[in-house]
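Biologist: I would like to learn how to read packing and charge pairs in a model. Please take me through one case.

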Amino acid sequence: MNAFTSIQGLLELFTTKMNAIFRLRYRRSTVAYTTAIVLIIVTTYYLTKNEKVNIFGAKLPPFQGKGRIRSEATAKNRTMEDLLPFLTSPVVVTTANYGYLQIVNNFLQSFKKIQVNVSIVIVCEDELLYNHFRERKDVHAVITEFSANITKAQKFRTRKFNEIVNRRIFYILQLIDNGIDTLYLDSDTIWIHNPFPYFDEEYDLFVQQEIFQPYCSGMFYIKATQASLRMISYWHALNKDKYTNQYAYNTAIKYTKGLRVKGLPTDRFVGGEIYFRKTTPWFERKPQPVIVHATWLLGPTEKIKQLKKCGLWFVNASYT
């Protein structure tokens, strides 16, 4: 039952009760009429304030514009399913747990510097990270719909590491199935320039290329098309067959019929195996990178150390 239905019921209840009162004792009582009106106004105000509806029953979305204004805090944890009705294309999505808090902060700080007006969704894999970001105005924090008890950074290719990595497919599938174009980025990516002009072509999928395998599943832009939906569904199915995430991703891309794929330039969308061969600051490189992905570095400690060395660490003590 929504607030509009509740208000209608209350109005009917007040009418019935007041008629009974008037017949018995207060047929001409101004006090009774005034009391009823005050109660109706107070009840209507309370319901519309707390349930985000107006008195005509129209739903009022808690997110405005591009979604960069947070909703009021709700009693229950917000999931991607709760957020979907308020998102419009394109969105940026990343996932992390509390063990990657500083990495996520660096991701957000680098994004803030280029001032792109687009929604960022952080899927929090534990409640510690969710509680840290849920009140932030510059991001949409949602809690995983799976187990939310993996709070530490996990070693590469361990069972829990693979579990967290494989969950991203479900979140992306939710977005694509709802017609939302999505830029998925691992949280260890750093924004240098606006990437969206590179996606303004007639392809379904724009992918980060690597040297030792065709495509990296930690950085890609996917449009909400039927071919993309088939690819994501196939990727999801292959992961159930216990393929590694990268192999399943590349296999799904290769064998999805009708999928239009474009590899992004490796000097613009740079993986760690290329970028960290030298420590030249990004602003001295030609051409300058658009997004740097700190791959081939294991764990937050090693990533932070290398990012600082290469001038890609933007977090300061006042930014949390």
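Biologist: Which residues does isoleucine 122 touch, not counting residues up to four places away in sequence?

Modeller: This is a predicted model, in which local features need pLDDT of at least 70, side-chain atom pairs count only at pLDDT 80 or more, and totals for chains, interfaces and linings use all residues. Residues are numbered from 1 along each chain as its sequence is written, and side-chain values use heavy atoms, with hydrogens and water left out. Contact means heavy atoms within 4.5 Å. On that basis isoleucine 122 touches Thr94, Val104, Leu108, Leu129, Phe133, Val139, His140, Ala141 and Val142, residues up to four places away in sequence not being counted.

Biologist: Which residues touch the most other members of the largest nonpolar core?

Modeller: A nonpolar core is a set of buried Ala, Val, Leu, Ile, Met, Phe, Trp, Tyr and Cys residues joined through side-chain atoms within 4.5 Å. Buried means under 20% relative accessible area, exposed over 50%, partly exposed in between (1.4 Å probe, protein chains only). Here the core has 49 residues, and Val92, Ile122, Phe133, Trp191, Phe196 and Leu312 touch the most other members.

Biologist: How many salt bridges are there?

Modeller: A salt bridge is a side-chain nitrogen of Lys or Arg within 4 Å of a carboxyl oxygen of Asp or Glu. The count is 6. One of them joins arginine 168 and aspartate 186, with the closest N and O atoms 3.7 Å apart. Both arginine 168 and aspartate 186 are buried.

Biologist: Is glutamate 201, which pairs with lysine 262, buried or partly exposed?

Modeller: Glutamate 201 is partly exposed, at 32% relative accessible area, and lysine 262 is partly exposed at 25%. Their closest N and O atoms are 2.4 Å apart.
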